[in-house]
Amino acid sequence: MGKSTSVLTSIFYLVKSSHSRSTIIITITTLLICITVFTMAGQANSMALQAYCSLCIFDLLFIGTALLSAWIMENNNTKVRQKMQNSNNIDNNSINNSTSLFIPTQTITTFSYGTARFEVLAVFTSTMLSILGAFFILKESIEKYLEDEIIHTEYLMLSSILTYIIHMIVIYFVRNQAFDHVIAASSSSWLQEHVSDMFQSVCHYIPGLSRLLLPRINPLALLCWCGLAIVFSDSFLLKMGYGHFVDTLSSLLMAFMTFGTMVPMAIYSGKILLQTTPAPMIGQLDKCLHEASRLDGVLEFRHEHFWALSFGTLVGSLHVRCRRDADEQLVLAHVWNKLANVVQILTIHVFKDDWLRRQTHTFMQPQTGNPVLSNNPSTYNGFVVVT
Amino acid sequence: MFDTDVFSKTSKTRPVSDVLHIIILLIIIKLLKTFGLFITYDLLKSYHVVLILFLTTLFTSICLLFIQKPFSSFRPNKILIYRLIKYTICLTIIRLLWLFGLTLCGPLRTILLYEHSDIVIIACFQALFSSSSIGPQGQTSRIRGVVFFILAVLAIFAFDNDDSRQNIDHPEGHLHHRFFAHIFYQLTSLIGVADHKGGVILLLIALFFRCGLNSWSKKLVIDVGGQKKFYAITTCLSTICLIPMSFIILLFNNLFPDSIDSIRSTFQTTISTTITSSLFDNISSLIIPIILITLFLFILDFYVEQLAIIKLDRIRTFRYGTLTMIFSSFIISFIWVKTIRITSNNIWFGRMMQIEEHELSGGVVFAVIMFAFATDLLISPIKQRSGAFIGYNQEGVPLFNLTHQKSQSLLLILKSSLRDILAESDSRRIFYFLCINLMFTFVELLYGAWTNSLGLLSDGFHMLFDCTALVVGLYAALMSRWKPTRVFSYGYGRVEVLSGFVNGLFLVVVAFFVFYEAIGRLFEPPEINTNRLLFVSVAGFAVNMIGIFSFSHAHAHAHGGGGGGGSCPMSQPTPTKEQHHHGHSHDHSHSHSHGSSSHDHEHSHGSNEKSSHHGHSHALTDNANMRGVFLHVLADTLGSVGVIISSLLIQYFGWNISDPICSLFISIMIFLSVIPFLKESAMTLLLQTPSNIQYEILDRILKLDQVQSYSDEHFWNLSSSLTVGTIHIQIANDGDEQRVTAQVQTILKEAQIQNVAIQVEKQAFFNHLNGLNSALGQLASSQRTFSHR
């Protein structure tokens, strides 16, 4: 509970600080519009509108993520400050609730890797929630289709335009590092792919548009545009008297578009949560490991675990089996040197075979001068070592 | 494969200027064909399908016999003739379907649906079913083409309000094909679609049949000796086929002239024109259009298309042909409808036009555009179809991997995954429950469809929706047993945690929507039809109880908890009509975590007590995945209980307003009860240091011989059972690393931490790093230990 209050105080701090005031205003507006729009959607009884308005909910989650990443950044700043203070008076382990996480103390902190991972979870949660929401809408729209109720078209235009405006404002005016990163790094959604494919063929005929159309489009903005088009055509067709089928169809389409947009992002952040090696890093890591395995004294690597802590931070642990006569600190330093550029948080476990038995022979090994080292051939276990 | 040879020919396309005359010829012929189809349609209004087909094929075969002389050099053997006859029968059936579809849908829609080349259809199927074979770039445009195609068909099927016609000539529209029509109407009314929609279905069936037949008959064509000869022979054979049929039809028409006349007379009252005469009076007016049709549809078209295929290539032929036909038919039908409007009782070829026509509608215009796009996208050749580049061989020649992903048979995959599922108790339990649930759902859906009950149907969909949570859980349980890979270096154990988290989010979404709906209903409580609701909810409750029992045995804690007698209430509201939302209720189960204070409305009900007991017992499982699934099932169960209670309430007291209030209450309960679970799994995902790692453990490490300090200690739960950790330890210069490592390892092992990495650092390490100019940034904390002394 203490932690959550500290989170709350942090949020209040954000509210007070000047740089996030615009965010707060946007949040409140979004909240209000969200309520209005959902009321309208409930009145209109149209599933397509409801599907589109669920973008508002996503906006709230988006803003939440933005606040969280701002909070994390703030925390990191205080951490640096605290570190400076700490170097002066190291004994002063001020228990400063949340910020104390970052002070290297001799106590166990709740989140030993810091709060950077919160961002990932926030992104995953918000994308997953909108996926599940789309799924729920899918089911609801089928049920609605069976029920066959009257749809009031008069609300459609107004609320969809409101949603559109607020969504665009949120996407373009709220600074959100976490989502920016995910949007840039995750694979493109099918919507993006198709649109870029179409734009490419358009640019084939009208080359002048290439600067406008060819860059990668923000998938969230694209979702909003397509959704608006769908809701408009839906309301047009409903006014023409085409009945429920149109509404069901357009809500299904909306749901599938939401799926398509959110799934790549959810997969990207979910993979980080599952502690996996990011695919783009594999090549670089392999190269480093290969180099490191050629170092003097290194026999083999075991238990290589490299995984992404958060967006852009790689954590690794590695067991290195080294030759019995090798200087462990030297091996450690060399392997560290190779890997530290790629892996930000690294732990290298250096071990030797049969080190207990070796100690009985220590006195017989005068040639190294170092009692720790040994190269008793009888304990080589078949490993041929050429130095 | 069919289209490989087609697309390979594209490399030698000739420039347009060389073959311009052929293109123009093709376009003209296609225009004529369109025109011919319109004439056919008019003819079909007055004559029977079989008769028209018979006459046209008769004329065609006479013409072809003279032009082609197919039997002059034809040496038949028994097998070949047998195959030819089979082909001919199929062909005739397809043509009959096509013409019958024409009578139902009108010429424009027929052209839109039927005049697609085989390439388009096969490309459709390929894009849908074999995704791996084509490169990503081609694939997107193909998929778009398929989507356009489907949209176009859908537009014709659903958005084309061709209703005016149906009002007039519904049950037995075209009088001459009574027999067919009657059966067909029976059929369509059984499915419940309007007859023009039935025509759409017929045309699509005919189209797919034609494609299948054409690719099947490829070898036959070669055996017979050329496309033209084949065409001539099959046409002749088809004429022979049609002789008996058309005689039967004629006989029928002569046997029951009265009925025809009676129908016709009723018909005329709507049409307000006269002209009824016996069939043979207008033979002369029949002959001319028939000859025209024969020429346009069957002879000229065929020959020009053959020519164009040779001179141009298949793709271009089909592209120009199809596009011409689509657009020309669009324009012609526009004019056609207009002329009919102006001269509504104009006599065309001696026959009456009917006023009610297949008019243009928004759906058709949309379909025209979509079909044009789809044809263009699907028919355009795929750029490269190469295999994956592997490398160079010894001579320096590049090697390609042409084998696509080896596709195992579906059966084998199913079998092996079934074995995996049944191998462990968790997944087995989920699987059995999923099976029961699905069975119940299908029974419900079937029964709902049978009795035409909306409540049952939507409840069935709801159950299906709930099953997805089980599927997620099942898949996660299966996945968590996979071996670690390069990317998933810790194994797949975390998948369970993640799936538990997702299931928790699922419940949050459910709670939100129930809340939202309840608020909407609070202001205007709907009338609820409790009819049959009770039965369904009791059945659902029974099914979910099975689930609860089976999952509860998974956990060692038996059901003991004391929900006590009359707690639990949650009269779960039946939302709209009669579906109950399972899945929202779910309260006590988790409330133990908040102390079971929260439920106190009383309507004590015997059955709930049980569920509350279970709730208490199960929250203690360690497997997040199973817990998530269990939560979901529990929510469902309590949902059914709620429906039982609320339907009883409404039935006996008529408190409709109680329904949304309970809904609100329940959604809040769900939300509150999911939160602890959600928080717990989120903490695991966030790599929270487990609470059982005590300070004293690290203290023991610190007290070890030679150890000066430690830093970068990270411990986290990998999955529910496995704890992992890394730690850096700074020791004195004369310490022995291996000894310290072993000691620390023992300490951590005692603390149930299995997978540890210990980095032992001395001052020498930092000196080395300084020498190597390495990045020291992240080591700041551990280095401090040394620098401070």
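Start by selecting strand 2, helix 12 (residues 328–339) and strand 3 of chain A: together they make a right-handed β-α-β unit. Right-handed here means that, with the strands pointing away from you, the path from the first strand over the helix to the second runs clockwise. Helices (H or I, at least four residues) and strands (E, at least two) are DSSP runs, numbered from the N terminus.

A word on what you are looking at: this is a predicted model, where local features need pLDDT of at least 70 and side-chain atom pairs count only at pLDDT 80 or more, while totals for chains, interfaces and linings use all residues. Residues are numbered from 1 along each chain as its sequence is written, chains are lettered from A and ligands numbered from 1 in the order in which they are written, and side-chain values use heavy atoms, with hydrogens and water left out.

Of its 10 residues, 9 are buried (under 20% relative accessible area; exposed is over 50%, partly exposed in between, with a 1.4 Å probe and protein chains only).

Strands count as paired if DSSP finds at least two bridges between them. For one such pairing, click Phe301(A) and its bridge partner Val320(A). The two strands form a hairpin with 2 residues between them, and Gly312(A) in the turn has a positive phi of about 90°.

On to strand 3 of chain A (residues 345–351): 7 bridges join it to strand 2, and these two run parallel. Look for Val315(A), which stands opposite Ile345(A).

Next, pick Thr277(A), in the loop between helix 10 (244–273) and helix 11 (279–293) of chain A. Thr277(A) counts as buried because its relative accessibility is 3%. Its side chain reaches the backbone oxygen of Phe306(A) at 2.8 Å. Show what Thr277(A) touches (heavy atoms within 4.5 Å) and you'll find, among others, Trp307(A), plus Arg486(B) and Val487(B) from chain B.

Last stop: Glu524(B), in the loop between helix 20 (494–523) and helix 21 (533–552) of chain B. Is Glu524(B) buried or exposed? Exposed, because its relative accessibility is 54%. Stretch a distance line from its C-alpha atom to that of Trp482(B), 42 residues apart along the chain, and it spans 52 Å.

Methods
A polar contact is a pair of N or O atoms within 3.5 Å; within protein, one must be able to donate a hydrogen and the other to accept it, and residues adjacent in sequence count only if both atoms are side-chain atoms. Lists of a residue's contacts leave out its neighbours within four places in sequence.
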